[in-house]
Amino acid sequence: MTKDKKSRYTEAQAKAAKKYLKESVEDVRIRVPKGQKVIIKNHADLMGESMNAFVVRAINETMSRDKGKSN
């Protein structure tokens with residue numbers, strides 16, 4: 001890291017965070033129609049949660065509702 005660009009994390013903190021993310025979570029990328037992202041973000045904010053937490057909750061609630069449905 002350059003001397004004139006300060007990070008809010010130490011190198012040890014950054015390394016620990018990277019290790020945690022590698023071991024604990026997976027990335028899932030979604031695409032939404034233009035303009036939908038801000039709507040999702042605003043809704044998540046209203047619910048007092050991050051956009052990620054809202055999407056995970058929406059997925060989990062939908063999968064829970066879908067249990068018992070057969071094709």
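Colleague: Hi! How far should the 16 residues of H3 span, and does that agree or disagree with the end C-alpha atoms?

Modeller: At 1.5 Å a residue, H3 should span 22 Å, and its end C-alpha atoms are 22 Å apart, so the two agree. The expected span is 1.5 Å times one less than the number of residues in the helix. Do keep in mind that this is a predicted model: local features need pLDDT of at least 70, side-chain atom pairs count only at pLDDT 80 or more, and totals for chains, interfaces and linings use all residues. Residues are numbered from 1 along each chain as its sequence is written, and side-chain values use heavy atoms, with hydrogens and water left out.

Colleague: Thanks. How many helices and strands are in the chain?

Modeller: Three helices and zero strands, so from the N terminus the order is α-α-α. Elements here are DSSP runs numbered from the N terminus: helices are H or I with at least four residues, strands are E with at least two.

Colleague: And is the chain spread out or a compact globule?

Modeller: It is more spread out than a compact globule, because its radius of gyration is 18 Å, well over the 11 Å that the globule rule gives for 71 residues. That radius is taken over C-alpha atoms, and the rule is 2.2 Å times the number of residues to the power 0.38. The C-alpha atoms fill a box of roughly 60 × 30 × 20 Å along the principal axes.

Colleague: What percentage of the residues count as buried?

Modeller: Of the 71 residues, 6% do. Buried means under 20% relative accessible area, exposed over 50%, and partly exposed in between (1.4 Å probe, protein chains only). The accessible surface of the chain comes to about 7,300 Å², with 55% of it belonging to carbon and sulfur atoms. Areas come from the Shrake-Rupley method with a 1.4 Å probe; for residues, only the protein chains shown count as cover.

Colleague: Changing topic: what is the count of buried residues in H1?

Modeller: Zero among its 14 residues, so H1 is hardly covered. Ala-12 lies in H1 and is exposed, at 57% relative accessible area. Thr-10, in the segment before H1, is partly exposed at 45%.

Colleague: Now the pocket! What is the volume of the largest pocket?

Modeller: About 320 Å³. A pocket, on a 1 Å grid over the protein atoms alone, is an open set of points where a 1.4 Å probe fits, with protein on both sides within 12 Å along at least five of seven lines; lining residues have an atom within 4 Å of a point. Points are joined across faces, edges and corners, and the volume is the space filled by probe spheres set on them.

Colleague: Which elements give two or more residues to the lining?

Modeller: Helix H2 (36-46) and helix H3 (51-66). H3 gives the most, with five residues. The lining includes Glu-26, Lys-37, Met-51 and Ile-59.

Colleague: How does the lining split by class?

Modeller: Eight nonpolar, one polar and three charged residues. Ala, Val, Leu, Ile, Met, Phe, Trp, Tyr, Cys and Pro count as nonpolar, Asp, Glu, Lys and Arg as charged, and the others, Gly among them, as polar.
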